[in-house]
Amino acid sequence: MGSWRSVKAKVLLAALRKIGWREKRQTGSHRILERDGWPDYVFAFHDGVEVGPVALQRVSKGTGLRPEDL
């Protein structure tokens, strides 16, 4: 957990797009992301929100994101 740093949700979403995630659809603030070989992932952060290390670690388990991707 020590290698994760807090980032804005906008930066996190950009990093996910960079590793191959695409927005499938959006309902309110919930974005459904898709990537080949992975189950769909619900991204439920507003762009300006600061996402902390614990939440980032949780996101990484569902998306394959690594600290160096940020």
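User: What makes β3 and β4 a pair of strands?

Analyst: Two strands pair if DSSP finds at least two bridges between them. Strand β3 (residues 30-34) and β4 are joined by three bridges in the antiparallel sense, so they meet that rule. One of the links is Ile32, whose bridge partner in β4 is Val42. The strands themselves, like the helices, are DSSP runs numbered from the N terminus (strands: E, at least two residues; helices: H or I, at least four).

Before we go on, a word about the model. This is a predicted model, in which local features need pLDDT of at least 70, side-chain atom pairs count only at pLDDT 80 or more, and totals for chains, interfaces and linings use all residues. Residues are numbered from 1 along each chain as its sequence is written, and side-chain values use heavy atoms, leaving out hydrogens and water.

User: Which strands are the edges of the sheet?

Analyst: The open sheet has three strands in the order β2-β3-β4, with antiparallel pairing. Strands β2 and β4 are the edges, since each pairs on one side only. From one strand to the next, the twist averages 30 degrees; axes are lines fitted to C-alpha atoms, for helices over the stretch in contact, and angles run from 0 to 180 degrees between N-to-C directions.

User: Why is Ser60 called buried?

Analyst: Buried means under 20% relative accessible area, exposed over 50%, and partly exposed in between (1.4 Å probe, protein chains only). Ser60 has a relative accessible area of 14%, so it counts as buried. This residue is in helix α2. Leaving aside neighbours within four places in sequence, Ser60 is in contact (heavy atoms within 4.5 Å) with Trp4 and Leu65.

User: And why is Gln26 called partly exposed?

Analyst: Gln26 has 42% relative accessibility, which is why it is called partly exposed. You will find Gln26 in strand β2 (residues 22-27).

User: How do you know that the buried residues of α2 line one face?

Analyst: Helix α2 (residues 53-63) has these buried residues: Ala55, Leu56, Val59, Ser60 and Thr63. Seen down the axis, they fall within an arc of 145 degrees, so they line one face of the helix. That arc is taken from the directions from the helix axis to the C-beta atoms. On the other side of α2, Arg58 and Lys61 are exposed.

User: What covers the buried residues of α2?

Analyst: The cover includes β1 (7-8), α1 (9-18), β4 (41-43) and β5 (50-51).
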